[in-house]
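Subject: Structure handover

Hello,

Here is the structure for your files.

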Amino acid sequence: MSANTAGTGFLAGRRALVTGGAGGLGAACARALAAQGAYVVVADRDGAGAARVAAEVGGESWEVDLLDTRALESLSLEVDILVNNAGIQTISPIEDFDPAAFRRILAIMLEAPFLLIRAALPHMYAQGFGRIINMSSIHGLRASAYKSAYVAAKHGLEGLSKVTALEGGAHGVTSNCVNPGYVRTPLVEGQIASQAAAHGIPEERVLAQIMLDKNAIKRLIEPEEIAGLVTWLASDQAAMVTGTSHIMDGGWTA
């Protein structure tokens, strides 16, 4: 994998890895990092989608199944910026929650980030610079019914991120979480349509009265808004920002 030498911007010369980068929020992060000069490796189990985004941003793709955690145990990553973004969702009451689905969510959203951080830290420590950016959620700080695995994984990711910050500080490595509310992605837009059908109400009412009921700002977050925060956390300006959780939720938790 070749290094980036042609990029311009405040991330020129930096090498970034974004998981779940084939679409949605991950693709937005890949584009924003590349726009500031980073060479971006777009990782996703959707190899064709990852390749499309990588071609768009002048980076490269990595087709990877994060459920294959055994394969990640021997991995070595030479990246300066790691964005742990990949995630899935299953909604079910605890008593009906499929144990395999619970384990799958924890593997993708907690164990895999741990293994990728583990693989990236030696290179980051050796050069005295690194940025670990973990895509958490409001559900990393607050719970919702029927999302036991997702909430557990995000709470665990918050703790992992803080430990990484404590261990990495002496080596120039920062570690932070980004905590969005509802972001405009295909997954969320699908949920809007499903809830509108289930409740027999227009999609606009689903947003205002159900999903965004507690928000001060009654709209979805755009992926580019989250990507801008991610890009700033990757910059030299954020060198003293570590061990923190950055909420962007339109006032949901105010």
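The notes below cover the sheet, one of its strands, and some helix packing.

This is a predicted model, in which local features need pLDDT of at least 70 and side-chain atom pairs count only at pLDDT 80 or more, while totals for chains, interfaces and linings use all residues. Residues are numbered from 1 along each chain as its sequence is written, and side-chain values use heavy atoms, with hydrogens and water left out.

The sheet

Seven strands form an open sheet in the order β3-β2-β1-β4-β5-β6-β7, with parallel pairing. Helices (H or I, at least four residues) and strands (E, at least two) are DSSP runs, numbered from the N terminus; two strands pair if DSSP finds at least two bridges between them. At the edges are β3 (60-63) and β7, each pairing on one side only. From one strand to the next the twist averages 20°; axes are lines fitted to C-alpha atoms, for helices over the stretch in contact, and angles run from 0 to 180 degrees between N-to-C directions.

Contact means heavy atoms within 4.5 Å.

Strand β6

All 8 of the 8 residues of β6 (residues 173-180) are buried, so the strand is largely enclosed by the rest of the structure. Buried means under 20% relative accessible area (1.4 Å probe, protein chains only). Val173, Ser175, Cys177 and Asn179 point one way, and Thr174, Asn176, Val178 and Pro180 the other.

β6 runs parallel to β5 (residues 130-135), joined by 6 bridges, with asparagine 134 partnered by cysteine 177. The chain gets from β5 to β6 through helix α5 (residues 148-168) in a right-handed β-α-β crossover (with the strands pointing away from the viewer, the path from the first strand over the helix to the second runs clockwise). α5 lies across β5, β6 and β7, at about 155° to β6.

β7 (residues 245-248) is joined to β6 by 4 bridges, also in parallel, and isoleucine 247 in β7 stands opposite asparagine 179.

Helices α6 and α7

The axes of α6 (residues 186-199) and α7 (residues 203-211) come within 9 Å and cross at roughly 95°. That makes α6 roughly perpendicular to α7 (65 to 115 degrees). Residues meeting there include Ile192 and His199 in α6, and Leu207 and Met211 in α7.

Regards

Definitions and conventions: Buried means under 20% relative accessible area, exposed over 50%, partly exposed in between (1.4 Å probe, protein chains only). Angles under 35 degrees count as roughly parallel, over 145 as roughly antiparallel, 65 to 115 as roughly perpendicular and the rest as oblique.
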